[in-house]
Amino acid sequence: MGKIVISSNITLDGVVQDPDGEEGFDRGGWFHQCVTGKDLQAWVTRETEELLRAKALLLGRQTSDWFATRMLSRDDAEVRVSREWAEGVKSLPKYIVSSTLEDPRWSNATVLDGDAAKKISELKRTVDGEILVYGSYRLVHTLIEQNLADELRLVVFPVVLGTGHRIFDQPRDRKPLRLTNTRTIGDGLLFYTYEFVRG
């Protein structure tokens, strides 16, 4: 049985929008403004360890395009992460939720169109292990609202933006979670792991 894990970088006030500043959000670019040196290396280590445990990636169309643009058409040196992490992203099976995508650009991608909740439920039954979700704000909202997400991993950055897209933008009802892990990453980042509580 698959376990859907939402893994996200997030500001102290819950914003997940435009961490690298390339989406045009006027408060974007907060990732590299906050993280350098020891913190960046510790972040890369954690991300790589997490990715190497995963069995698949579940992405929305825009996030899939974001990764493909950076990893398939540029030299790996331009991707500001470890080569091991980048190769892991390329090699993992990718499931892309989209009703409009025809060419996913990846050689190892499957497009999930139609009833997203049904297709993701089927995916959880066929993948044995962790299915990582990066970015994909709309997809993350669907996973949370449809009770399909199993775990939430947040790396909290020491900055407040005041506005921007958040993981929990106006949820329809309460979503109880259980804290299962917390630790520092480097000197300035906090890492939290929560399980979604069912029933």
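These legends walk you through several close-up views of one predicted model.

Residue numbers start from 1 along each chain as its sequence is written. Because the model is predicted, local features need pLDDT of at least 70 and side-chain atom pairs count only at pLDDT 80 or more, while totals for chains, interfaces and linings use all residues, and side-chain values use heavy atoms, with hydrogens and water left out.

**View 1. The open sheet, strand by strand.**
Here 8 strands line up in the order β4-β3-β2-β5-β1-β6-β8-β7, and the pairing is mixed. Strands (E, at least two residues) and helices (H or I, at least four) are DSSP runs, numbered from the N terminus. Two strands pair if DSSP finds at least two bridges between them. At the edges you'll find β4 (109-112) and β7 (177-185), each pairing on one side only. From one strand to the next, the twist averages 25°. In general, strands of a sheet pair through backbone hydrogen bonds, either parallel or antiparallel.

**View 2. Strand β1 and its two partners.**
Take a look at β1 (residues 2-11): 9 of its 10 residues are buried, so the strand is largely enclosed by the rest of the structure. Buried means under 20% relative accessible area, exposed means over 50%, and partly exposed is in between (1.4 Å probe, protein chains only). Strand β5 (residues 129-133) pairs with β1 in the parallel sense over 5 bridges, and Val5 has Leu132 of β5 as its bridge partner. Strand β6 (residues 151-157) also pairs with β1 in the parallel sense, over 7 bridges; here Asn9 is partnered with Val155.

**View 3. The β7-β8 end of the sheet.**
Now things run antiparallel: 6 bridges join β6 to β8, with Val156 opposite Leu190 in β8. Another 8 bridges join β7 to β8, again antiparallel, and the partner of Asn181 in β8 is Thr193. The β7-β8 hairpin has 3 residues between its strands, and Gly186 there takes a positive phi near 65°.

**View 4. The largest nonpolar core.**
A nonpolar core is a set of buried Ala, Val, Leu, Ile, Met, Phe, Trp, Tyr and Cys residues joined through side-chain atoms within 4.5 Å. The largest one has 26 residues, and Ile6, Leu58, Ile120, Val133, Leu143 and Ile167 touch the most other members. At least two residues each come from β1, β2 (56-60), β3 (94-97), α5 (116-126), β5, α6 (137-145) and β6. Helix α6 gives the largest share, 4 residues. Zoom in on Leu143: beyond its neighbours within four places in sequence, its contacts (heavy atoms within 4.5 Å) include Ile4, Ile6, Leu58 and Ile120. There's also a second, separate core of 17 residues, which includes Leu51, Ala68, Met71 and Leu92.

**View 5. Aromatic pairs.**
Rings of Phe, Tyr and Trp (its six-membered ring) pair if their centres lie within 6.5 Å; planes under 30 degrees apart count as stacked, over 60 as edge-to-face and the rest as tilted. That rule gives 8 aromatic pairs. Phe31 and Trp43 have ring centres 4.8 Å apart and planes at 75°, so this pair is edge-to-face. Phe31 sits in helix α1 (residues 30-34) and Trp43 in helix α2, 12 residues apart. Phe31 and Trp43 are both buried. For Trp85 and Tyr134, the centres are 6.1 Å apart and the planes at 45°, so the pair is tilted. Trp85 belongs to helix α4 (residues 83-91) and Tyr134 to the loop between β5 and α6, so the pair ties together parts that are 49 residues apart in sequence. Ring pairs also link Trp30, Phe31, Trp43 and Phe157 into a cluster.

**View 6. A charge over a ring.**
The charged end of Lys94 sits over the ring of Trp106, 4.5 Å from the ring's centre. To count, NZ of Lys or CZ of Arg must be within 6 Å of the ring centre and within 35 degrees of the ring normal.

**View 7. Glu130 in strand β5.**
Glu130 is part of strand β5. With a relative accessible area of 14%, Glu130 is buried. Apart from neighbours within four places in sequence, Glu130 is in contact with several residues, among them Lys3, Arg53, Lys55 and Arg153.

Conventions:
Axes are lines fitted to C-alpha atoms, for helices over the stretch in contact, and angles run from 0 to 180 degrees between N-to-C directions.
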